[in-house]
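Please read the points alongside the model.

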Amino acid sequence: MNVQKEVQTKILSQTQAPLLEICNLTKVFGSGLLQRGQKAALENFSMSIQGSPSKIISIAGESGSGKTTLARLILGFLIPTQGEVRYRGKDLKMMDQKSWKTFRREVQAIFQDPYGVYNPFYPVDRVFEIVIRKFKLAKNRQESRRITEEALVVVGLRPDEILGKYPHQLSGGQRQRIMLSRAFLLKPKLIIADEPVSMIDASMRAIILKIMMDLKDNFGISFIYITHDLSTAFQISDDIIVLYEGLVAESGDAEIVIKSPKHPYVQLLVGSIPIPDPDQPWQGRVELPPEEELEMNTLRGCKFYRRCPYKMEICLKNPPPLYNIGADHLAACYLYK
Ligand code: SF4
C-alpha cells in the first residue's frame, strides 16, 4: 500500500463509526430504573469494537457476573434499562427494518448448548436451509447445497459425513462446528460466542477455539467470547474484560491482564495472590463494620470488599472508578488511585 493510500485508509477508519459501540449499558431485571439498594445484572458497561482489524475480545467472569446478560443485550434479546448498544453508529432500539436486517445478518451468535438449536425430527441440513431461505443466499437447490458444503469445509467438517444426519447422530463438537458453519454462511462481521466450548471435551475444545481464530484471521470476523475460563480466554483473545457482579473489574490486552493482573479479584481468579508473609504484617487492615452496615456499604462501595485482601476504608464509600494503569489497561480499584 502506498503512503497516500495508507493515510486515506487511516483517516477513513478514524472517521467511521465503530462496528459495535456499547455506552453505559445497565440492565436491572424486574423493575424500571436502578433504585438505591437494588442490584443490577450489568452496570455502566462500555466498550467498542472497530470493524478492522478483526479481534477476539473475551468477556470473562464467574456465573452471575453479568456476562450472559451482556451477550443478550448486544444481540437485542433484552432491552437495556439504561445506555445504548450501537451497531455501525445506530442504536439498536432506533433501527429501522433495513438496518435491523443487516444487523441480524452481520451479527451472529453461538451458544453453550448447540443441541437446543436443532430440531431432532429433521436432518441437520435444515439449519442451513432456514438461513439460506430467510436471507435469500441462493438462487436454487444446487447453489444452496454448494454454499452449505463450502461453509462446512471452512470449519473442518466433511459434508458427506454431516449432511443427511440427524442431530443425535453427531457429537457435541460436530454440532457446535455446524453452528459456526451456519454463522459463517452469512459472512458475519461479529460473532457473539457464549460459552461455546464449556460443554465440549478438551480435544474438541482446542479444535473449536482454533476455528474461531482462523475465522478471525482469514475472514475478518471479530468475536465476543463469553467465558468463565481464563485459560481459553488467554489462548485466543486479543483483549479481555473481566466482570465482577455486573461491573468491569479489569480490562486490557489479554496477555497483560492474565499474566500480570492488577485488580485483586482478577489476581484471585488467576491464582496469583501472594502468599501472606507472617513476618510482614499487612498494613491495610480495617475494622469491619456491623453486618447490616456492611451490607449497605458494599452496595454503595466496592462490590469486592468482602473478599478483598487489600480492603481499605475508602473502598466502602463509593464504587471505585476505572483507573488507567497502562496502555488501554484499566482497573476498578482504589489501589491505583
Ligand atoms: Fe479491594 Fe478496595 Fe480495590 Fe475493592 S477498591 S478491590 S475493596 S482494594
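1. Helices in this note are DSSP runs of H or I with at least four residues, and they are numbered from the N terminus. The model under discussion is a predicted one.

2. Within helix α5, which spans residues 141-154, E143 and R146 are three residues apart and therefore separated by about one helical turn. These two residues form a salt bridge whose closest N and O atoms are 3.8 Å apart. R146 has a relative accessible area of 42%, so this residue is partly exposed.

3. A search of the whole structure finds 17 salt bridges. One of them pairs D239 with K55, with 2.7 Å between the closest N and O atoms. D239 belongs to strand β9 (residues 239-244), whereas K55 sits in the loop between β2 (42-49) and β3 (56-60), so the pair ties together parts that are 184 residues apart in sequence. K55 counts as partly exposed, at 30% relative accessibility.

4. K216 and D217 also form a salt bridge, the closest N and O atoms being 3.7 Å apart. K216 counts as buried at 12% relative accessibility, while D217, at 53%, counts as exposed.

5. As for cavities, the search of the whole structure finds one of 30 Å³ or more. The largest cavity has a volume of about 90 Å³. Its lining comprises 15 residues, and P264, C302, C308, C315 and C333 are those nearest the centre. By class, the lining of the largest cavity divides into 13 nonpolar residues, one polar and one charged.

Definitions and conventions
Residues numbered from 1 in each chain as written. Predicted model: local features only at pLDDT ≥ 70, side-chain atom pairs only at ≥ 80, totals over all residues. Heavy atoms only, no water. 1 Å grid on protein atoms, 1.4 Å probe; cavity = no way out; pocket = protein on both sides within 12 Å on 5 of 7 lines; lining within 4 Å. Points joined across faces, edges and corners; volume = space filled by probe spheres on them. Nonpolar A, V, L, I, M, F, W, Y, C, P; charged D, E, K, R; others polar. Salt bridge = Lys/Arg side-chain N within 4 Å of Asp/Glu carboxyl O. Helix = DSSP H or I, 4+ residues; strand = E, 2+ residues; numbered from the N terminus. Buried < 20%, exposed > 50% of the residue type's maximum accessible area, 1.4 Å probe, protein only.
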